[in-house]
Amino acid sequence: MRKEQHHKGWNEIKTNDSWAIFKIMGEFVNGFEKMSKIGPCVSIFGSARTKPEDRYYKLAEKVAKGIVEAGYGVITGGGPGIMEAGNKGAHLGGGTSVGLNIDLPFEQHDNPYIDSDKSLDFDYFFVRKVMFVKYSQGFVVMPGGFGTLDELFEAMTLIQTHKIGKFPIILVGTDFWEGLLDWVKKTLLDSFSNVSAKDLDLIHLVDTEEEVIDILDAFYKESGLSPNF
């Protein structure tokens, strides 16, 4: 016999919210403890839907391999597509390969190229996003969807507002990103003055793995820092 659906009242909903605080705290504590041991890393973002035969999957793999060969580790969202390519390149390059996996009803599952002791699982996007910005020395942003754009604009906002230190934000793929950057420049900047010109200095647009490494190395050389700080 079908049970009548239970509708939660306001007090029950608020009580559940209070208990959720402990789960959120647990994710932060576990994340901070594990991520504090990974060393300097660069985060790679991009679509979970990108297939291994896609040119951007292959490019992400090369970028990740170049990053670890330059002395950094790689952090991804831990899933398939571009994330898998990033972890695969780091793994093949013999470097640190970190995966911050999120529990989703579709698309997301962890990939096999994450270091066994550096795979973390999250229920909350906002906790996971804190780990990306707190423990990254740079963002490499490949073609992606809403999640990729979310990470990109959050990093830009936090740097712009001086909530985190400046680090390189590198967009890979002129054919993918050029239209967005044109809109930002013509609409946000020129037409509406909703951003300042110096905000756009945060972004680099490139097409090759060599350019990614050059930007990372130049930034940290100029800052007097090395990959092992």
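**A short tour of one predicted model**

Hi everyone, let's begin with Asp54, which sits in the loop between S1 and H2; helices (H or I, at least four residues) and strands (E, at least two) are DSSP runs, numbered from the N terminus. This is a predicted model, where local features need pLDDT of at least 70, side-chain atom pairs count only at pLDDT 80 or more, and totals for chains, interfaces and linings use all residues. Residues are numbered from 1 along each chain as its sequence is written, and side-chain values use heavy atoms, leaving out hydrogens and water.

Back to Asp54: its relative accessible area is 31%, so Asp54 counts as partly exposed. Here buried means under 20% relative accessible area, exposed over 50%, and partly exposed in between, with a 1.4 Å probe and protein chains only. Asp54 and Ile82 are 28 residues apart in sequence, and 9.6 Å apart in space, C-alpha to C-alpha.

Thr50 lies in the loop between strand S1 (41-45) and H2. Is Thr50 buried or exposed? Thr50 is buried, because its relative accessible area is 14%. Not counting residues up to four places away in sequence, Thr50 touches Tyr57, Gly81 and Ile82, where contact means heavy atoms within 4.5 Å.

Tyr57 and Ile82 turn up again where H2 and H3 make contact: among the residues there are Tyr56, Tyr57 and Ala60 of H2, and Ile82, Glu84 and Ala85 of H3.

Finally, please find Ile21 in helix H1 (residues 10-35). With a relative accessible area of 45%, Ile21 is partly exposed.
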